[in-house]
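Please work through the following exercises with the sequence and the model at hand. Each task is followed by a stepwise solution.

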Amino acid sequence: MAQIEVIQGDITAVDVDVIVNAANSGLAGGGGVDGAIHRAAGPCLYAECARIAAEKKKAGGEPCPTGDVVMTGAFNIRCKGIIHAVGPIWYGSDKDGLLASCYRKSLLLAQRAGFISIAFPNISTGVYGYPKNKAAAAAVKTVKETLPECPGIGRIVFVCFDRENYDLYKKLLP
Ligand code: AR6
């Protein structure tokens, strides 16, 4: 059975194979955890995101629709890859399915890539305004439900930046 951990800190410093980013559908970079990851990874990450975005647009799609994920290299971050997941924006109505999709697709992609350990931020709970308690419940439930399909994943780390999220996750995963 995979080990699930909860820590408070900066996801760019966590020792895992792959970290997940809370990105936007244009893969355009931004603030919050996205900004921190781009700063730590260096300009080559912007270049790879721009290349993927251009390819997807050329094919007639959005670079990364809400609920979907895209993998890139990690460049100056010491992990082996970055999964960019686009969470839903909270407009006052439930979008747990789209949020769950970020966690589920990230785990499945990490498993396919042969990664053993993965770190998640609290997707959508910053600028996108998702209620932290609802987001935490959806994240933990989805990871637990998806893990049986990911026998290669041995370690999941929920990286909480703020104390409120940390306390919520600790209650769900004592
Ligand atoms: N490590 C871990 N978690 C962090 C870090 C960090 N270094 N920095 C912030 N957080 P947000 P969203 C937490 O706003 O709500 C961007 O501009 C933060 O406390 O980063 O999904 C993107 O480009 C919060 O709990 O992501 C998108 O446009 C969590 O990360 C948009 O924001 C998510 O907050 C995505 O919004």
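The exercises below treat the ligand site and then a salt bridge.

This is a predicted model, in which local features need pLDDT of at least 70, side-chain atom pairs count only at pLDDT 80 or more, and totals for chains, interfaces and linings use all residues. Residues are numbered from 1 along each chain as its sequence is written, and side-chain values use heavy atoms, with hydrogens and water left out.

**Exercise 1.** Determine which residues come nearest to the ligand, and describe the shell by class.

Step 1. By class, the shell comprises nine nonpolar, 11 polar and three charged residues. Here Ala, Val, Leu, Ile, Met, Phe, Trp, Tyr, Cys and Pro count as nonpolar, Asp, Glu, Lys and Arg as charged, and the others, Gly among them, as polar.

**Exercise 2.** Identify polar contacts (pairs of N or O atoms within 3.5 Å) between ligand oxygen atoms and T125, G126 and Y128.

Step 1. For T125, a polar side-chain atom lies 2.8 Å from a ligand oxygen atom.

Step 2. In G126, a polar backbone atom is 2.8 Å from an oxygen atom of the ligand.

Step 3. Y128 places a backbone N or O atom 3.1 Å from an oxygen atom of the ligand.

**Exercise 3.** How far apart are the closest N and O atoms of E48 and R51, and where do these residues lie?

Step 1. A salt bridge requires a side-chain nitrogen of Lys or Arg within 4 Å of a carboxyl oxygen of Asp or Glu; the structure holds 12 of them.

Step 2. E48 and R51 form one, with their closest N and O atoms 3.6 Å apart.

Step 3. Both residues belong to helix α2 (residues 43–58), three residues apart, about one turn of the helix. Helices are DSSP runs (H or I, at least four residues).

Notes
Near = heavy atom within 4 Å. Polar contact = N/O pair within 3.5 Å; in protein donor to acceptor, adjacent residues only side chain to side chain. Helix = DSSP H or I, 4+ residues; strand = E, 2+ residues; numbered from the N terminus.
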